[in-house]
Number of protein chains: 2
Amino acid sequence: MVNESQQSCSGSSSSRSDGSSSGSESSKDNSRCSTPVLDTDRHERLREKMRRRQEAGDRWFSLEFFPPRTANAAVNLISRFDRMGAGGPLFIDVTWHPAGDPGSDKETSSMIIANTAVNYCGLETILHMTCCNQTKDDITGHLQKAKRLGLKNIMALRGDPAGEEWEEEVDGFNHAVDLVKHIRSEFDDYFDICVAGYPKGHPEAESYEADLRHLKEKVFAGADFVITQLFFRPETFLKFMKDCQAMGITCPIIPGIFPIQGYHSLRQLVKLSKLEVPQEIKDVIEPIKDNDAAIRNYGVELAVSMCRELLDSGMVHGLHFYTLNREVATTEVLKRLGLWKEDPRRPLPWAVSAHPKRRVEDVRPIFWASRPKSYIYRTQEWDDFPNGRWGNSSSPAFGELKDYYLFYLKSKSPREELLKMWGEELTGEESVFEVFTCYITGEPNRNGYRVTCMPWNDDPLATETNLLKDQLEKVNRRGILTINSQPNINGKPSTDPIVGWGPSGGYVFQKAYLEFFTSSEIVTALLKVLKKYELRVNYHIVNVKGQNITNAPDLQPNAVTWGIFPGREIIQPTVVDPVSFLYWKDEAFALWIEQWAKLYEEESPSRMIIQYIHDNYYLVNLVDNDFPLENCLWQVVDDTFELLN
Amino acid sequence: MVNESQQSCSGSSSSRSDGSSSGSESSKDNSRCSTPVLDTDRHERLREKMRRRQEAGDRWFSLEFFPPRTANAAVNLISRFDRMGAGGPLFIDVTWHPAGDPGSDKETSSMIIANTAVNYCGLETILHMTCCNQTKDDITGHLQKAKRLGLKNIMALRGDPAGEEWEEEVDGFNHAVDLVKHIRSEFDDYFDICVAGYPKGHPEAESYEADLRHLKEKVFAGADFVITQLFFRPETFLKFMKDCQAMGITCPIIPGIFPIQGYHSLRQLVKLSKLEVPQEIKDVIEPIKDNDAAIRNYGVELAVSMCRELLDSGMVHGLHFYTLNREVATTEVLKRLGLWKEDPRRPLPWAVSAHPKRRVEDVRPIFWASRPKSYIYRTQEWDDFPNGRWGNSSSPAFGELKDYYLFYLKSKSPREELLKMWGEELTGEESVFEVFTCYITGEPNRNGYRVTCMPWNDDPLATETNLLKDQLEKVNRRGILTINSQPNINGKPSTDPIVGWGPSGGYVFQKAYLEFFTSSEIVTALLKVLKKYELRVNYHIVNVKGQNITNAPDLQPNAVTWGIFPGREIIQPTVVDPVSFLYWKDEAFALWIEQWAKLYEEESPSRMIIQYIHDNYYLVNLVDNDFPLENCLWQVVDDTFELLN
C-alpha cells in the first residue's frame, strides 16, 4: 500500500494492514486443539478459516509486524511472534520493505521473517508485496520463492513511487490490481490474496468514490479479503463498509486498528499516511505529550472503545492490529476485549509448523524437543512428513547443520552473558557439572549469575521438567549431565495444564525419558546396571565417533508420548528413533564446541576441558517402558553410582 | 513324490513329506508374539525361519495334510488347521492330488486348501506339486496361480505314472529335478522349494547310491531343503543324513515321522510306499490288530521314542509329521516331546494372515471380528494393507459378498441343526430375541437345543465376551440384538490370558464397544438418550437402506484396541471405521436373509418375521471413549429402556 516504503524508512510503522497469527491453532477451542492429522482446520486455507470463524459467530484478531533492521532485532521479533502467537491470532502479516532487500535471504528480509513465522513459529502468515518499480520477472521470482517457502497468503500492494512524482511504467505494474491479476494468472488459486482498503479514500485517489471503484476492481480481479488503513472513529469504518457493500463488495473487510502508543509515533504516522487526527484526540494528547505511559493508556482506552463499537455493530468479526512491533498496548487491548485467548492446551506436545507440507506431520523424534527450529531446519527438504507413524521410510537424511551460526539457531544471549553463566574460566569437569546443576536448580552460580540457558536449550527449564527437578539436580551434581527428560504419565486428562495436549476429552501418556552426557567410567558401570533392567529399559549410548551401544530392536522407534482421544485414531507425537538419534548425536556433540568451547581462547584450559568432554563423553538416552509403574530411571542412576562407590 | 497319487486314491495317506505350520507366529517366544509390522519374522521366508530356528538351537515341527474329498470334509480340515495351528508348527504342507483336480478352484482342491491355510488360517504352507503327465504350461499355470494366491513354498515332486509302467515323456517333465529347474528358471527365487528324500532309497531307483545322486541333483538344481519319506528306525534316517552330508548335501533334511495310528492304515501305507515294516513292530501289532486304541498308543510310544533319539543325535532340529489328517496321535507325540507350544498369547487381537502382501497388515475394522474369513475374502484384492493407521486412503472398496454360499463363509452347521437352534417356527420378533438370548446364556432354547452359532458368528461366544454375559443377556431379552461387543480395558498386561496380545512386557487397552440390531422404536429413544452422552459416546446407526445417523467426525476412524510395548511404536489393531461400517452393514443385514430367513419356506410366517426385521431394524454401534471409567454403554441402554417405559 501507499506508505509502505516510507514507513520502513521512518523505522516506525504507519502500516495499514494488520495481521494476527494462528498457525494451526485458532483461538476457538474446537479448532485450536484438534489433532493435526485429522483436523480439517489443518488443511483449510486462510480465507476458509475466516469464513468458518465468521459463520460460527466467532470473533478473532490478527497482528501486523514490519521486518526489523538488525539481526538482533530479528531475534527479538521472533521471540515476540512466539509470545504474541500464544494469544491466538488468526494470522500475522509481515510488511514488504523495499529498501531492506525484502525478497532476499537476509535474516532481516520480509521474505525470511515471514518464512520464519510460518515454518518455525507455526503462524498463519500473510506476506506483503508491492509491485511498483519492479519487473514482472522480479515479482514472479518473489512469488515463486514465497510458494517454495510454504507461504500461502499475499497482501498485494502498489507500493510508493521511487521519486516524489508518480510515473506510470509502460511494461511494469502500476496498480495493486495489476499485481492481483498477475498472481491469479501465474499462480492460479494457490495464494490467498488480500488487498488494502482506505476508509477515508486513498490520499492519491481523485475521490472517495473513485477509490471505492479501485477497491472493487482489486476484489473482482481475485482478492479474497480486504484489510483497511487505520482510522480514528468507528463510524468512519462502518460508513466505508456500507459503501463497499453497496458497491457489491461482499468479501470480508477487516478494520485496521491502531492503538496510539506515543506522541511521536502518532505524529510520524499521520504525516506518512496523510490522515488527519480528529480534534478530540489531539485535545487529549497534546497536554500529556511527554508522558508516554499516559498516552499509551489513553490509546488503549480509545482502541478498546472503538473496537467494542465495531464489534457491537454486528458488521465486524475480526480486528487487525498495527502493532508497530510492540507488544504491550495491543496485548492489553486484546485482553480487555476478551479476544486474547492464551490457551495452555497444545494441539501436540511440540509446536506445529504452519508450512502446508508439514501440516500432516504428527510425529517427531524427542531429541530436538528443546531445539524445534533446528529440527525444522534440518528436515526442511523432506517431501513427506511422518503422519501417524515414524517408519524408516519416513526418515530420509537430515540436513547438515554446517553453519553453526545459522541465524535462528544461535543462542539469543551474547558471548559475555554466556561466559557469566557458563564460567569465565573452567577448572575441571566439575565446573561443568556445576553449570548443569545451576541450570536445573535456578540457583545463581558461584559468581552470582543464574544459568538461564544451555547450548542444548536456549530457554529456562520447561514446566514439565520441573516435575523432575530434585532428581535432576542430584544426578547432574555427580556428572550425569542431563539435556532432555520427561516424566512418565499414565493417562492424565488431555486438558492437564502441564502435560496435556490435543482435544479435550482425551488421555495422554508418556514413557519416562532421560538423556544425558556422561563419562566413559560412568557408562561402564551403567551398562552393568542396565543388564538388570534389560526387559524394562531401552537405551542408546553413543560417543562422538559414533560407537553405538543399544538394546533396541533393529531400527525400531519407541513411542514415548501418545494420546487417546474421542472418536480418533491413536496419536503418537514423540518417538525415540535410533536412526535419527545418530543425526542428533552429531548436533548434540557439536554444540559443546560451537556454543561453549569457542567462548574461550584456543589452547586455553577452559577450552581444553570442553574439548575433552566432547571427545570422551558419551551421549546416553534411556526409556523406561513400564509407564504405569514408578519411573525406574532414577533407580538405574542410583544403582550406577552405588556400583561406582 | 512317488506315491502321491496312490495315496490320494486310497484316501489314507502314505505321504512322505511332513509339514508343520506357523504363519506369522513360530513356537519361540521371541518370534511368536512380536507385533507384526515390526517383526523381522514377518518378512522372513520359510528357509530363513528354518535357519534362524536351527541357529537358535530351537526345535520345531511341521504337519502334512492331504486334500479332502468332500466339501464337508474340507470344512472340517480347515477347523483342524486352526486347532493344530495353535500348537505352533513351523509350517504345514498340503499334498497334490492329481485325481482331485488339484490346481482348480474347487473347495477341495490342493490349491484352494493351501490358499485357505495361508490366507484364512495364517499358516506358513507348502503346496506339493507333481510334474509327470502334465505340460510345462499346465505347471507354469499352477505356479502362477499359487504365486497369485500368496503361496511361497512348493514341494517339487515327480508324481506317479498314469499306467503301470513308467514312460519318459519327450516334451514333459520326467523327474522332480526337472520341476525344480523349471521353477527356478521361470520364477527365479520367488518360491522356497522342498524336495523329497528316501532314507531307504526310492523304490524305483537302481540303488540307494543312485537315489542319493538324484537327491543331490535336485538340491543342486535349487531346492532349499529336503523332507524325507517315513521310516521305522531312527538309525535309518541318521545313516541317510550322514550319507547325504558325505555327498555334499548341506541343506536342511527333515525326517518324516509317521505315528502308527491303526493296523489297516499301516498295511495300506506299506503297500503304497513299498516299505517294509520291521519284524519287531509287526510282532507287537499283529496280536492287537483289532484294538485301535492299543495300536495308537503303541504308535505314539514308538514315534516319541524315535523322535527323542533323532533329536538327541544333535543332527535333527525339526520333525515333519504325516498326520493322515488326524489330530490325536500327532498332537500326543508333540505334547510328550514338549514341541507342542500352545501359546495363549496372540501377536494381534485377530489372527494374522500368512499372505506375503498381508504381512504388514496390523489394523482392521472391528466389525468383522467374528467373521475374519469374510474380511479377508472381501479385501483380497487390496494392493496395500493398512499398517499403523487406518487412513481413508487405505480403504479402497470392499469386494462384494455376492455368493452367500461362498464356501468358507457358510455356516459349519447343516440346515436341520440351524433350524433346531434358531427355531423351526418363529411366532414373532420375540422368538428372535429368545434365540439371541440363548446364544448369549448358553442355556437350551424352549425345544431343548443349545444355540452355539448365529448368522454373524459361527462359533460359541468368545471368552472375552463372556466378561459381559450378564448385561448382554439382559439387553438381548428386550430386543437389543447384540452381534459384537468388547469390554473396556485400561492397561492390562499384554500377557493377560483373556484380553492380552502382542509381545510380553506391554500393556493393552480397549474402548468399550457394543453393536446390535434393534427396532426403530428403540432407536428413537436411544437417540434421545445419546444426547446426554454426546461427548463421551460415538455412535453409528444405519438401516438396510443406508440411512445413516452418526455423531462421528467426518470419516474419521476411532481406535478401539491398542497396545503399548517396550521399544515399539503404538499398535492399534482394531478401529471403528465409518466408511467400512457401511460395507459391513450390507453384509450384516444380508446374513438375516441368506443364513436365517432362507431356512424357511417362501411366504411362511417365520420367513416374513426375519424379512420384517431385515427391512425395519437398525444396525447400531456404540463406542464409549472414556476407557479409564466404568463402561457407560449399559447405562445408555438402561436409560433407553427407562425412556420407553
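Arg47(B) forms a salt bridge with Asp189(B), with 2.6 Å between the closest N and O atoms; a salt bridge is here a side-chain nitrogen of Lys or Arg within 4 Å of a carboxyl oxygen of Asp or Glu. The pair links distant parts of the chain, 142 residues apart: Arg47(B) belongs to helix H4 (residues 46-55) of chain B, and Asp189(B) to the loop between helix H8 (176-187) and strand S5 (192-197) of chain B. Helices (H or I, at least four residues) and strands (E, at least two) are DSSP runs, numbered from the N terminus. The model is predicted, local features requiring pLDDT of at least 70 and side-chain atom pairs pLDDT 80 or more, while totals for chains, interfaces and linings use all residues. Residues are numbered from 1 along each chain as its sequence is written, chains are lettered from A and ligands numbered from 1 in the order in which they are written, and side-chain values use heavy atoms, with hydrogens and water left out.

Arg47(B) is buried, with a relative accessible area of 18%, whereas Asp189(B) is partly exposed at 33%. Buried denotes under 20% relative accessible area, exposed over 50%, and partly exposed the range in between (1.4 Å probe, protein chains only). A further salt bridge joins Asp224(B) and Arg184(B), the closest N and O atoms being 2.9 Å apart. Here Asp224(B) is in the loop between helix H9 (208-220) and strand S6 (225-230) of chain B, and Arg184(B), 40 residues apart from it, is in helix H8 of chain B. Both Asp224(B) and Arg184(B) are buried. Glu587(B) forms a salt bridge with Arg371(B), again with a closest N and O separation of 2.9 Å. Glu587(B) and Arg371(B) are buried. In chain A, salt bridges that share partners unite Arg45(A), Arg47(A), Arg184(A), Asp189(A), Asp192(A) and Asp224(A) in one network. Over all chains, the structure holds 62 salt bridges.

Chain A comprises 23 helices and 18 strands, and 63% of its 645 residues are buried. In this chain, 8 strands close into a barrel with parallel pairing, in the order S1-S2-S3-S4-S5-S6-S7-S8; two strands are taken to pair if DSSP finds at least two bridges between them. The twist averages 30° from one strand to the next, where axes are lines fitted to C-alpha atoms, for helices over the stretch in contact, and angles run from 0 to 180 degrees between N-to-C directions. Helix H7 (residues 136-148) of chain A packs on the sheet and touches strand S3 (125-130) and strand S4 (153-157) of chain A, its direction making about 170° with that of S3(A). Helix H14 (residues 328-337) of chain A lies across strand S1 (60-65) and strand S8 (318-322) of chain A, at about 160° to S8(A).

In chain B, strand S8 (residues 318-322) is mostly covered, 5 of its 5 residues being buried. Gly318(B), His320(B) and Tyr322(B) are on one side of S8(B), and Leu319(B) and Phe321(B) on the other. Strand S1 (residues 60-65) of chain B pairs with S8(B) in the parallel sense over 5 bridges, with Tyr322(B) as the bridge partner of Glu64(B). Strand S7 (residues 253-257) of chain B likewise pairs in the parallel sense with S8(B), over 2 bridges, and Ile257(B) stands opposite Phe321(B).

Helix H6 (residues 110-119) of chain B has 10 of its 10 residues buried, so it is largely enclosed by the rest of the structure. The buried residues of H6(B) pack against helix H5 (71-85), strand S2 (91-94), strand S3 (125-130), helix H7 (136-148) and helix H15 (372-378) of chain B. Phe398(B), in the loop between H15 and helix H16 (415-422) of chain B, counts as buried at 5% relative accessibility. Among the residues that Phe398(B) touches are Trp368(B), Tyr375(B), Trp382(B) and Tyr583(B), contact meaning heavy atoms within 4.5 Å.

At the interface, 35 residues of chain B are in contact with 35 residues of chain A. The area buried between the two chains is about 2,700 Å², with carbon and sulfur atoms giving 50%; buried area is the accessible area (1.4 Å probe) that two parts lose on being put together, summed over both. A rotation of 179° with 0.2 Å of shift along its axis superposes chain B on chain A (RMSD 0.2 Å), by least squares on the C-alpha atoms of residues with pLDDT of at least 70 in both. The two copies are thus related as by a two-fold rotation axis.

Technical notes. Lists of a residue's contacts leave out its neighbours within four places in sequence.
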